[in-house]
Amino acid sequence: MLVLVALMTASALFAGEGKKQLSVDSLSHFSSIVPAGPEHIAWRPHSDDFSFTEKDGDTVLWLYNASTGTKRMLLDGDSKVPSADLDSYQWSPDGTQVLLEGDGKLWLVPVASGAPQSIDYGGGEISDVAFSPQGDKIGFVRDNNIYALDLKSGRAPQMTTDGSASLLNGHLDWVYGEELAYRETTRAYEWSPDGRKIAYLQLDDSPVPKYPLTRFLKDHVSIFDQRYPQPGDPNPAASMHIVQVNGRGRAQMFRLSGGDEYIVPSFVWTPDSKNVCFLTLNRDQTRETVILWDGKTARRPMIESDPYWINNVEAPQFVDGGQEFLWLSERDGWNHLYLHTREGKLVSKLTSGDWMIDHPMFQDVPSYQISQPGKGAQANEANDWVYFESTKPDPRERQIDRVRLDGTGFEQLTHEHGTHALTLSPDGRYLIDQFSSISTPPVARLLKSDGTFVADIDKPANHLSEYALGKTDFLTLRAGDGSTLYARLVNPPNFDPEKKYPVIVDVYGGPGVEIVRNQWGATSSMDQLFAEHGFLIWSLDNHGSEGRGHAWETTIFKDMGKRELADQLLGVEFLKSQPYVDASRIGIFGWSYGGYMTLYALTRAPDVFKCGVAGAPVTDWHYYDSIYTERYMRTPDKNPQGYQDSSDVLAAGRLRAKLLLIHGVADDNVHMMNTINFINALIQNRVPYQLYLQPSQKHGFSDPAAIWYRNERIFEFFMHNL
């Protein structure tokens, strides 16, 4: 039995006289309708200033003073440094200069004069640029070797010399960067706090099988190889190294042993610069070891284990001068903070409850931030706080909370319904709250560290009121077993409950992602386009999705697709019970894991959906990468039945609905072999299909023309078939 509870209705704008309608063309310039607002926010060291970029045609880098509320332009994109990418900026440790990258150049821009200075680093393509803690050197990677550029002498000695196309020093290969790194960057080295040493991860990709990718848009077609391990394949051979920046002595090496397979690329130095702290995982990702290594001796103060898999791969943060560390763990079923001594002994559990501290995916920030006002390296005192974003009290939202390092004084600092993300000032006096909701475009606010509002940093004007948009309802479904499923429904403007509407089920379904969120963009501009043309857009977060605890997620273990589809079909059952839904016109759409779920649904429930669009789908888990797939499915030799049962390729003959397949020809994430093998299975079973291939585009399309064409094809397909 299904019980429907309407939890909240987001405010929205309705169609009216003189309102504009969205179109595929208008989606291409949606940022002019709703500007993104401040991005790449960073506090300037040793000051009350923070910086951010904003796009209004060109990118502009702004400087804002928290004490005075004054704002001034630091750089724009059309004058002093025309070749630089302003989004790449980073502050020098003393806060006097900004470092920029772009077009094969490095630039230092003093704040006082604003006069850019080009840095000669010896030429060639470089990546992974980072200041030393003292600001006198800049590290970078060239040809998979690490260099340390001395800003005073201009010399850039090599810290490593053995780098090659298959041996990577301080730089991540594809599978490590995609599956084990939190950062947007691929940097895999860290300066010691005293600036005298560099710890770096080395990856030997030579055992990893090659996958060929083809460049078609040339006079002569060329092929280049990508190292890509599939389930059961050899993985990159990882080792940790320490090198002296002054060049004295040989690099020290730590090799994996005892069944460990991975060295997690998130690692830190202890405050005294004597030990590098890093994490190792076994191949099944069920055992994680904290290692303290001084270049000679490795100590293992803590080992975490889980029968299914471990999600947290974030390095611990040291406090109390390095005598204790903070640690994120799901050991009680929810992602919470723990304080341990340097020897691994549990001191206290800082947070608890049926909610979780959020992982800030794709951000170069930790899950939690520490305030130690006036203490320097001294911590663990009553006025020292840990700040974080959590799913308390509603997993569809993110609120900013804090707790003292001794585990007392828990406070929720934000309360407005929606999604809040924090950036704490180094001295702990201020925090920046980036907020949005389903009906509120992103805004940035300056708060005191206790949550007191100070000012709106920037509230970009938008043109939403000019358009006829539908409203979004958040719903909960409860099945007979008592489990709660969260869903959302986007309604057409001027929704009429006496009419019958077609429905598009927008699905993702995979682990680590939550699409039923109260945040701007959860319902996309494409959703609104369909709503304006008389469609209902439905999404539901099934078992296995993010934000509901480890037990909720692990129900998909070794059998991906089955439990996810069961929950999705509960949602469809609810839709069909509504008088305003045309049960004969239900379609489904998804990208990546959502593409996999689209094909899984169309082949396992062939009579439920009239049509579907699968973008960049995984079609058989044998074809995806080792680290992701084995986390949830183990290797094919350990789980042959699970791989067989979850395969869309093997089920292709059951397809009855109209199908549009979309894939980027240059996709280096979900390779095109997935779609090709599925097509071959359709042909063998004489099942018709439509195919759209996009030349030169990867997993997420980036070319504006390609994005327009993709949106147009999806829009036309559902208009014609639903």
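Biologist: What makes the approach between the side chain of Tyr 189 and the backbone oxygen of Asp 128 a polar contact?

Modeller: In this predicted model, a polar atom of the Tyr 189 side chain lies 2.5 Å from that oxygen. The cut-off is 3.5 Å for a pair of N or O atoms, so the pair at 2.5 Å counts. The Tyr 189 side chain also reaches the backbone oxygen of Gly 139, at 3.0 Å, and this distance too is within 3.5 Å.

Biologist: Why is Tyr 189 called buried?

Modeller: Its relative accessibility is 0%. Buried means under 20%, so Tyr 189 qualifies. The residue lies in strand β14, residues 189-191. Leaving out residues up to four places away in sequence, Tyr 189 touches Val 129, Ala 130, Phe 140 and Phe 267, among others.

Biologist: How far apart are Tyr 189 and Asp 128 in sequence and in space?

Modeller: They are 61 residues apart in sequence and 8.7 Å apart from C-alpha to C-alpha.

Biologist: Asp 473 is a charged residue. Is it buried or exposed, and how do you know?

Modeller: Its relative accessible area is 13%. The limit for buried is under 20%, so Asp 473 is buried. It is found in strand β37, residues 472-478.

Biologist: Which side chains make polar contacts with the side chain of Asp 473?

Modeller: One is the side chain of Lys 471, at 2.9 Å. Another is the side chain of Asn 491, at 3.3 Å. Each distance is within 3.5 Å, so each pair passes the distance test.

Biologist: What is found at the start of α8, and what follows the helix?

Modeller: At the start, a side-chain oxygen of Asp 625 reaches to within 3.1 Å of the backbone nitrogen of Ile 627. After the helix comes Arg 634, with a positive phi near 60 degrees.

Biologist: Which residues touch the most other members of the largest nonpolar core?

Modeller: Tyr 176 and Trp 538 do, in a core of 102 residues. Helix α7, residues 593-604, gives the most to this core, with 7 residues. Apart from it lies another core, of 32 residues, including Phe 30 and Met 526.

Biologist: What makes the space lined by Tyr 486, Glu 514 and Trp 552, among others, a cavity and not a pocket?

Modeller: A cavity is a set of points where a 1.4 Å probe fits but cannot get out, whereas a pocket is open. The count comes to 1 cavity of 30 Å³ or more, and the largest cavity has a volume of about 30 Å³. Its lining divides into 2 nonpolar, 1 polar and 4 charged residues.

Biologist: Which element gives the most to the lining of the second largest pocket?

Modeller: Strand β3 does, with 3 residues. This pocket has a volume of about 260 Å³, and its lining includes Ser 31, Glu 54, Lys 55, Asp 56 and Pro 460. The lining divides into 3 nonpolar, 3 polar and 4 charged residues.

How values were computed: Residues numbered from 1 in each chain as written. Predicted model: local features only at pLDDT ≥ 70, side-chain atom pairs only at ≥ 80, totals over all residues. Heavy atoms only, no water. Core = buried A, V, L, I, M, F, W, Y, C linked by side-chain atoms within 4.5 Å. Buried < 20%, exposed > 50% of the residue type's maximum accessible area, 1.4 Å probe, protein only. Helix = DSSP H or I, 4+ residues; strand = E, 2+ residues; numbered from the N terminus. 1 Å grid on protein atoms, 1.4 Å probe; cavity = no way out; pocket = protein on both sides within 12 Å on 5 of 7 lines; lining within 4 Å. Points joined across faces, edges and corners; volume = space filled by probe spheres on them. Polar contact = N/O pair within 3.5 Å; in protein donor to acceptor, adjacent residues only side chain to side chain. Contact = heavy atoms within 4.5 Å.
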